[in-house]
Amino acid sequence: MDFITKNIANAFTLGNLLAGCIGAIHLLSGDYQTTALCIVISLVLDFFDGFIARATKSNSALGVQLDSLADMVSFGLVPGLTMYQMLSDLSCPCQYVKYFGLLITLFSCLRLAIFNIDDEQKYYFKGLNTPSNTIMIFGLYFAYRYTGAYGFLTENTQILIGITVLSSWLLISPIKMIAMKFKTIKPADNYPIVALFIGANIIVSIFGIRGIPMVIVYYILISILFQRQLK
């Protein structure tokens, strides 16, 4: 029984990894709805594995490594493949330009490695976290596929390359980003989280699917606005 309790969190992490693998497969086959569902499942499992580990006091070095390896697929490979797909959809003289999208995967790996050795990122993130980056990149493509929105972005090779470079930089940037962790019960200490939560809900309520990538852009902007309070 003790073995099971200690490994519940790891089971959630492996579930995150499995969902990421399935999502990547369906992404390449053009089944974007299943990929979207897999990303949601990965996000939920990624949130609860840490929560369960703390609740069961089963935090371990193994869990930390498993978490990063699972995130590398769900929130590293998947956004890279998404950009690969977007670039593949366009007519470009250079057939190899589509592989440029995988730069996001490389920088996601670098971001996860940096996070593992950085003790500062307890109540905030330094740089855009990989789940948020995945939501932004896949959300852009998903909204375009199902609503026709953002065609001015997704139908231009140069713009997609620019988004790839910006996304990669944001992953390892020194910009402090809001983490959904309450440091105290004082309202003043949690204004960034409250502002993020309210703003994100308003955006999604107004724009629906089209609002998904907007939420991450808002997240980045609101994080920049509250830089001094993130510590």
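I looked up what the buried residues of H4 pack against: helix H3 (61–88), strand S1 (124–126), H5 and H7. Contact here means heavy atoms within 4.5 Å. Helices (H or I, at least four residues) and strands (E, at least two) are DSSP runs, numbered from the N terminus.

The model is predicted, so I noted its limits: local features need pLDDT of at least 70, side-chain atom pairs count only at pLDDT 80 or more, and totals for chains, interfaces and linings use all residues. Residues are numbered from 1 along each chain as its sequence is written, and side-chain values use heavy atoms, with hydrogens and water left out.

**Entry on H4**

I checked the length of H4 (residues 103–117). At 1.5 Å a residue its 15 residues should span 21 Å, and the end C-alpha atoms are 22 Å apart, which agrees. The expected span is 1.5 Å times one less than the number of residues.

I then listed the buried residues of H4 as Ile104, Thr105, Ser108, Arg111 and Leu112. They cover an arc of only 120 degrees around the axis, which puts them on the same side of H4. The arc is that of the directions from the helix axis to the C-beta atoms. An α-helix has 3.6 residues a turn, so residues three or four places apart point the same way. On the face turned away from the buried side of H4 I found the exposed residues Leu106 and Ile117. Buried means under 20% relative accessible area, exposed over 50%, and partly exposed in between (1.4 Å probe, protein chains only).

Thr164 lies in helix H7. I count Thr164 as buried because its relative accessible area is 0%. Leaving out residues up to four places away in sequence, Thr164 touches Met83, Phe100, Gly101, Leu103 and Ile104.

Tyr150 sits in the loop between H5 and helix H6 (151–154). I noted a positive phi of about 65 degrees for Tyr150, although it is not a glycine. Tyr150 counts as buried because its relative accessibility is 14%.

**Entry on the pocket**

I looked up the lining of the second largest pocket and found 14 residues, with Met136, Leu153, Ile163, Pro213 and Val217 nearest its centre. Helix H5 (130–147), helix H7 (157–172) and helix H9 (211–225) each give two or more residues to this lining. H9 has the largest share, five residues.

A pocket, on a 1 Å grid over the protein atoms alone, is an open set of points where a 1.4 Å probe fits, with protein on both sides within 12 Å along at least five of seven lines; lining residues have an atom within 4 Å of a point.
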